[in-house]
Amino acid sequence: MKINELFKLPGLTPVDKLTKDQVIELQKALNELGFNAGTADGSPGPKTRNAWMAFIAKTFGSNLILIGPDAAKLLNSKLGNDNSDTPVPGGEPKLNPLKLKLELLAQIRIDAPLDRLNRDQIRELQRAMYRLGYPVGDIDGWYGTKTKTAWSEFEKDVFGGNKLLVGPVSIDILQKKLDKIGGGRVHDFSNKEGVIEAIKWECTVQEIGLKTQIAYVLATTEWETARTFEPVREAFWLSEEWRKENFRYYPYYGRGYVQLTWEKNYKAYGEILGIDLVGSPDLAMNENVSLFVMVHGFKTGTFTGRKITDYIDTLKTEFVDARRCINGTDHDEDIAELAEKYLKTFK
């Protein structure tokens, strides 16, 4: 077979936003390539999503459920077709998975002071540090106090010192830490058990992996998603038209396992992940994006300024007060009770 419908995509698009004809074409292609997408019926269900995730993971080392013209060309090529005469709308957009490769910093051959990096290298460093939970401030390519302090903290955590030098060894360690987050592992989001395992994994690689911390993140997920364990929209029981008329921050209303809200936060996480969340806010509904945002927000205090370690660490377990990481005291005791139940399952 040959890809036709998928080449009509203007840019990166979530699989569940494809047209029925595009989904059918994708399902047929994946099935032909040995990735079980189920019946080619045009419905982007769990089998189709998991098959595409498996294809992306094998090809790019990522698990983001996006497809665009560039990925369509690769799919067409894998099917044995020639892409030389294939038109691609809008040029050649690159697939931009969650996995971050330090292409500019990897060019550094000898240790150099941090302030000698160019703006593009600083911006790449800032994005990497922010993704790992170090507070670098804005991802703007400028070497300032926050960026300096963040790199100093990283060096101290890794080497026990902070000479403020960047070189091949430190960049290699930084890359290896990044490789554990947001890519390289295919999660099964089609059922509750798979989502729970994905959350456990992400909490561990983002270093909030105490059983008490994981229990609280799971409890929050259950509560915030109305026990569906699927990313939800703010006021999901109402229409999009209602949200447009009633939310002053529309279209940047809450989306995800926990509610990512306001344009500044969509912009911040878009920069961290390298995807256009401002232009396509529905990308926040993608399971992998939502998973990263939730765990990273708990770790860094993005949502309210309070981090999970303010309430839960090796010395204390304050399940009730931990609600302040997400939404003040709203249903704090209900969620604490859920956290206790999850914690018992770990023992």
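1. Between which two helices does the loop that holds Ile-326 lie? In this model, which is predicted, Ile-326 sits in the loop that runs between α11 (287-300) and α12. Its relative accessibility is 14%, and Ile-326 therefore counts as buried, given that the cut-off for that class is under 20%. Although Ile-326 and Phe-303 are separated by 23 residues in sequence, their C-alpha atoms are 5.9 Å apart in space.

2. Gln-206 is also a loop residue, placed between α7 (192-205) and α8 (211-224). With a relative accessibility of 1%, Gln-206 counts as buried, and its side chain is joined to that of Glu-202 by a polar contact of 2.9 Å.

3. On the surface, a nonpolar patch is formed by Phe-236, Trp-237, Leu-238 and Trp-242, which together have about 430 Å² of accessible area. Phe-236, one of these residues, belongs to the loop between β5 (232-233) and α9 (240-246). Because its relative accessibility is 42%, Phe-236 counts as partly exposed.

4. A patch of negative charge is also found on the surface, where Glu-333, Asp-334, Glu-337 and Glu-340 gather. Asp-334 is part of helix α12, which spans residues 332-345, and at 35% relative accessibility Asp-334 counts as partly exposed, since that class lies between the 20% limit for buried residues and the 50% limit for exposed ones.

Terms used. Residues are numbered from 1 along each chain as its sequence is written. This is a predicted model: local features need pLDDT of at least 70, side-chain atom pairs count only at pLDDT 80 or more; totals for chains, interfaces and linings use all residues. Side-chain values use heavy atoms; hydrogens and water are left out. Patches are made of residues with over 30% relative accessible area and no salt bridge: like charges are joined within 9 Å, nonpolar side chains (Val, Leu, Ile, Met, Phe, Trp, Tyr) within 5 Å. Accessible areas come from the Shrake-Rupley method with a 1.4 Å probe; for residues, only the protein chains shown count as cover. A salt bridge is a side-chain nitrogen of Lys or Arg within 4 Å of a carboxyl oxygen of Asp or Glu. Lys and Arg count as positive and Asp and Glu as negative; His and the chain ends are not counted. The place of a charge is taken as NZ of Lys, CZ of Arg, CG of Asp or CD of Glu. Helices (H or I, at least four residues) and strands (E, at least two) are DSSP runs, numbered from the N terminus. Buried means under 20% relative accessible area, exposed over 50%, partly exposed in between (1.4 Å probe, protein chains only). A polar contact is a pair of N or O atoms within 3.5 Å; within protein, one must be able to donate a hydrogen and the other to accept it, and residues adjacent in sequence count only if both atoms are side-chain atoms.
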